[in-house]
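Morning, everyone. Please look at the model on the screen, and I will go through a few of its contacts between chains.

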6 protein chains.
Amino acid sequence: MANANDYKYDYFNVTFPAEYVAHVEINRPEKMNAFFEQMWLNLSAIFRKLSHDPSVRAVVLTGAGERAFTAGLDVKAASQGTLSRESSDAARSAALLRRHILEFQDCITDVEKCEKPVIAVLHEISFGLALDLSLACDIRLSTANTKFSVKEVDIGIAADIGTLSRLPHAVGNASWVKDVCLTARIFGSEEALRVGLVSGVYANKTEAVAKALETAKTIASKSPVATMGTKEILNYSRDRTVADGLQYTAVWNMGMLQTRDVKDAMLSGLEKRKPTFAKL
Amino acid sequence: MANANDYKYDYFNVTFPAEYVAHVEINRPEKMNAFFEQMWLNLSAIFRKLSHDPSVRAVVLTGAGERAFTAGLDVKAASQGTLSRESSDAARSAALLRRHILEFQDCITDVEKCEKPVIAVLHEISFGLALDLSLACDIRLSTANTKFSVKEVDIGIAADIGTLSRLPHAVGNASWVKDVCLTARIFGSEEALRVGLVSGVYANKTEAVAKALETAKTIASKSPVATMGTKEILNYSRDRTVADGLQYTAVWNMGMLQTRDVKDAMLSGLEKRKPTFAKL
Amino acid sequence: MANANDYKYDYFNVTFPAEYVAHVEINRPEKMNAFFEQMWLNLSAIFRKLSHDPSVRAVVLTGAGERAFTAGLDVKAASQGTLSRESSDAARSAALLRRHILEFQDCITDVEKCEKPVIAVLHEISFGLALDLSLACDIRLSTANTKFSVKEVDIGIAADIGTLSRLPHAVGNASWVKDVCLTARIFGSEEALRVGLVSGVYANKTEAVAKALETAKTIASKSPVATMGTKEILNYSRDRTVADGLQYTAVWNMGMLQTRDVKDAMLSGLEKRKPTFAKL
Amino acid sequence: MANANDYKYDYFNVTFPAEYVAHVEINRPEKMNAFFEQMWLNLSAIFRKLSHDPSVRAVVLTGAGERAFTAGLDVKAASQGTLSRESSDAARSAALLRRHILEFQDCITDVEKCEKPVIAVLHEISFGLALDLSLACDIRLSTANTKFSVKEVDIGIAADIGTLSRLPHAVGNASWVKDVCLTARIFGSEEALRVGLVSGVYANKTEAVAKALETAKTIASKSPVATMGTKEILNYSRDRTVADGLQYTAVWNMGMLQTRDVKDAMLSGLEKRKPTFAKL
Amino acid sequence: MANANDYKYDYFNVTFPAEYVAHVEINRPEKMNAFFEQMWLNLSAIFRKLSHDPSVRAVVLTGAGERAFTAGLDVKAASQGTLSRESSDAARSAALLRRHILEFQDCITDVEKCEKPVIAVLHEISFGLALDLSLACDIRLSTANTKFSVKEVDIGIAADIGTLSRLPHAVGNASWVKDVCLTARIFGSEEALRVGLVSGVYANKTEAVAKALETAKTIASKSPVATMGTKEILNYSRDRTVADGLQYTAVWNMGMLQTRDVKDAMLSGLEKRKPTFAKL
Amino acid sequence: MANANDYKYDYFNVTFPAEYVAHVEINRPEKMNAFFEQMWLNLSAIFRKLSHDPSVRAVVLTGAGERAFTAGLDVKAASQGTLSRESSDAARSAALLRRHILEFQDCITDVEKCEKPVIAVLHEISFGLALDLSLACDIRLSTANTKFSVKEVDIGIAADIGTLSRLPHAVGNASWVKDVCLTARIFGSEEALRVGLVSGVYANKTEAVAKALETAKTIASKSPVATMGTKEILNYSRDRTVADGLQYTAVWNMGMLQTRDVKDAMLSGLEKRKPTFAKL
């Protein structure tokens, strides 16, 4: 079992509800789980650890409280932080802003880079950063009452932490992508499911989290060599030609097919029993 | 308000039904809005002007009359134009044809390059060029009676003005893309909505155009810095890796986040009033 | 009419049920059409021939028997084959495995490279290789009882023959892609249609094959110059930027627009009769 | 012979010193051929015409007078032009600047896009824009006294009209590229030849221009189908993988190999006589 | 030792002059080693075998006789072959030509894909295909009397078997590349060395071949795991971003660093003796 | 002046020999500056700090002592470190190795990502990591006695920390790249200069370091906005198409051209005095 003490960070609860399953909860419910700088630095630290933790094979990401997965950026805190990025010269302000954006992006991308699959549950208010963040996860589930919004144009900015780069590759309706990103309108789970933003909608948060944990347990029961490779190759291929995807896959598997897990999995299949796999 | 006199072109009506909103109407209803060469040159000129017009923040594109958004290429006119691209040497014919195709493609791409979001309403007959053209727009709406067809194989050609390059990135069913492009079969709005070609279907043209104008007004009420950036980054990211998208976004926003619009938008949000933004 | 004698290969039936239409049937029903090495080599040989056969303009791919399109890899045969790819040195095993994976991938990619459109009908058990293979086809149809599964993680491997590289570009729900690839769960046709994996679902195999043949006949009635170009440009554009797609299209069509088929197709259209096109 | 009257533009002399050869001379010697906005617009117009002019098969580009190919941007004129691109809002200034830079870049890129090969002769002062411009040409020659400098950092800017994007692909010493771009130091022809920036150095302008015209005549004596294709494919391949280059080449030549020029060239070769080729 | 009987092909001599070293000689000296179709098919077959032959670790490629490495395409044979690719319809001719070009390209690319490094020695006449072919090799050596020419424009075509796609990535003078490809002028070894086309020039063929064999023996004395990986990663990286190159390298080496060769090589280094490595 | 106390790291001396110039010295001369894990972690930390340090505008990187820039990896230390990356399962070993390689690569890439230009001086022994590291720098200088070697194949591995990914983009002789990477032979400065690996060769270390400092001072005297942009755009463009490079440049400069440095630099130029620029 993973050591919970390794994961003590402000504004996040990290627990291990089942073997090889981690649960990361954004924990600032009194502010609808809105993010300020320390929070995304902590988020990054947590996922960098989970990525290499041999006791973890799948991760569930949720928001504490009933009101929100996350309301997005804590705009008040953000506007104060920006002050430190201001110079009286436009180019120097630009350089400072770029450093800040790149650092923020990197923190969110650490979720995508985590070697273990990550399942997000979006309930109720899921605005702005909620999309940036969940689009860096592998699987997205939501509830009957989720209120989604790509909120950034409402505060005068083009979303810059990932939504505009990942959303066009995540769903199957480019017209809809432009619609919700340009209008910032709120939409619900039915629409999110239809266009392909989420892959499952559940009655309420309790049921959605239960489903996420069940899926995490299923993934955790498979060979961790197989699931790590599957995540990595899918992310690689999303961004590249089919030919490049195939070439990378062959090189990946020339090393990975040598695992004992293949024989163990096959034998277990024939013997109708559950295989166990070494840690990774 | 934009100056309508700047937009006098044959076969197009350009009006400004609301502040910061332009309405471009293809106006050759007696021929079901079929296109010949002068028309796409005019279309290009119009959208290049709208792109830089500070009085415009969103554009609606529709077809005049009840019978068609556009029936596509005016085949008769086209076959005459082609004569001028014939040489008795196959390579020289090829060179002439290539110049012609590139010029035609560039005209349609000018719609995509327009800095302001463009919303197309496809009603009734929407064949061939109707798809090339609307796929270069940002948002696509249709009506209960729209008849779509990727018509080109029926005249012996692979569509070359954009449909085959943009459609695979616009919808989420590659099997369906091949089906409609290879068979040229006619399909309706329900199917178009299901696969993600359009993001809204309305009872008739009147309602669809009303919805398009409403969406255009919503977009026009936001910071034009934010909506221009959102369109640009989404188009950039559609075509590239997530990593490249993020890098481009950071460089874009290092300049754009310095706008006063951010403060104005935030303040208006707190004060529950509508912000106004300077022209762009 | 194509010469059936050119297509005698073990484990495949190749017939020509209509003019310009080929029907390839995977024929190992007693093993649920599971594949071993000779079979994918034969499959490759068949599709390389069909690609250049002037008597063929469209291909239908199905599995023999009632029980399965294909159950995927014949795991028993595969595990024996792997023995020949083992060395006591991990790097040498890797080199042997890479050669094997690349060869296997190339065989499946020969279906994608076939100049003529290919329509797959997936009925009942459609596991593992069923997806790798059908994703290399152009159009995918299924039946009310199809049982799909990206099965590979269940035998300890990341799918390496194409599913992970092609699936993210084929459907419009990235969350669902990760879900089914990481859990190996079985899903049905309704779900496959909703996310965009197939473009048509039929009551049973008979009806689905009939529909596939009808679509193949429709495609075969078009100019083969137009359909070959349409397939090629769509595949090219799926993998690249819109700008690159347009450039390639212009160069493709500078040669292809010179075909007589354009005039013949146009004239036939005006005269309301069916055109005939020379072989290709 | 091309019609010189078609090429009357301020600050440029366009002549036709030999059959199928055009000579474009930058003609503002009293200001060391420094550029202001109207000049690059004119340059673009000239090269767009040359590109499609059937009487032109090769182009030589030189600067009038003894003192300079070009001293680069006319900084005084440029700083006045910039005024029109200033807004009191940093984001709006950025948007105006971007439009301006893209337009300027497009003008220079029109030289690269010209279907006919372009040979530049850089003599004496060749600063800033001299490199942007000559890097968009196909062949670069210089003289014993050429003084090159990537001058932009000396006026506080990163070169943005092409040098920084084309130079890394044009020469074979990345360390040298960084050195000259970061220090703005002046270097001579010996160094330019050693690192690969030019392919020939001549005693003085007269000899260099004579050599350029001789090379232009040689190119003009070849099949224009062959030279246009060679330029296009080299430019395409410079920017892409070898595999993509080969694929594009095959599609290019499937149309172009059908030219009569191949037979004429072969026959002339056998008969040891000079072939003549139809216009393109 | 490799089995010479496996390599009996018309127009090629394949010998094994040293342990792990193969020597492929183009053997049609009476026609200056000019190529016709059967020859490139044979060349491909030879290199596909060498690629997987555990007794081969490095390959030398030369031309028989004193007069030429190869004079290029046997134009007479080629013009006859082309007849079979002619149709009365330009599009159908194009389709046949494309199949032919792709097949020809694939044969030459098989040299690049060969897992073992290939060293070419170009002596005397080295025209047209001599460059296409040697650019697919890893190392190019030449002699004092080598006469190089990118000859294709002289027969009315843009080179389509690889020179135009590989040359811009092989040498460091883009101006020179355009010069020699557009003029088809003959150049010598001194120039070839200066621009980077070859990496060594020797007095005559005997000395150059001796040097090639010596280099081949050096390569053959290293770990074949290390040299195969070095070739593969360099080819991969040539075509891609540094970031993609690094990512691919990490995945390649995660499998390959596990080889015993690392320990054996290190130990031999410490003990100052020559290591031996298992076959690959 | 930068604060030297911020840069106290084992095995590195960091000094500030001139305004805005930092000098990083690899300091393990008793082991010929060979690297072990803590050293590249420290190197990374130093360059991440330098990147954002407003008192630094250019960096010089050298090796302490007379015997070596660096002999490369401390093989003995490395082989011990590897033990911790071994598992009895080949796939698990692969996963551990990949984490290690990616971390090591990232440390070296931090030199490339440093916003300030970096000048490396390679003297005497410059093996293995010496190339990986100096290829991540911007400018490379060497001395009459430098001994270069891409040493990795001699210890049984394909170089994986950057040489194989960066070298093909840094020099202009692909044949030479393959030669030195496949044979691991030692070469000198004359050869390095000829192929483009270095851009300057000096009599000895003292002179080379003096030249490096002089160049650093020159760079430090320019607008830091201009030099940062120049480095960034050159690195971006090296890896991408010219079109993508131009697009990125326009977006970069739309923010950066607004700097006061442009006016200050122009004015200083007119007034023939040295400009001063604000910190960045």
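**Contacts between chains**

Start with chains C and D: 11 residues from chain C and 11 residues from chain D are in contact, where contact means heavy atoms within 4.5 Å. This is a predicted model, in which local features need pLDDT of at least 70, side-chain atom pairs count only at pLDDT 80 or more, and totals for chains, interfaces and linings use all residues. Residues are numbered from 1 along each chain as its sequence is written, chains are lettered from A and ligands numbered from 1 in the order in which they are written, and side-chain values use heavy atoms, with hydrogens and water left out.

Chains C and D bury about 960 Å² between them, and carbon and sulfur atoms give 59% of that. Buried area is the accessible area (1.4 Å probe) that two parts lose on being put together, summed over both.

How many salt bridges are there between chain C and chain D? There are 2, a salt bridge being a side-chain nitrogen of Lys or Arg within 4 Å of a carboxyl oxygen of Asp or Glu. C:Arg240 pairs with D:Asp244 in a salt bridge, with the closest N and O atoms 2.7 Å apart.

Now chains A and C. Here 47 residues come from chain A and 43 residues from chain C. The buried area is about 3,600 Å², with 66% on carbon and sulfur atoms. A:Leu234, A:Val242 and A:Leu246 supply 18% of what chain A buries against chain C, more than any other three residues. This pair of chains also has a count of 2 salt bridges. C:Asp154 and A:Lys222 form a salt bridge through their side chains, at 2.6 Å from N to O.
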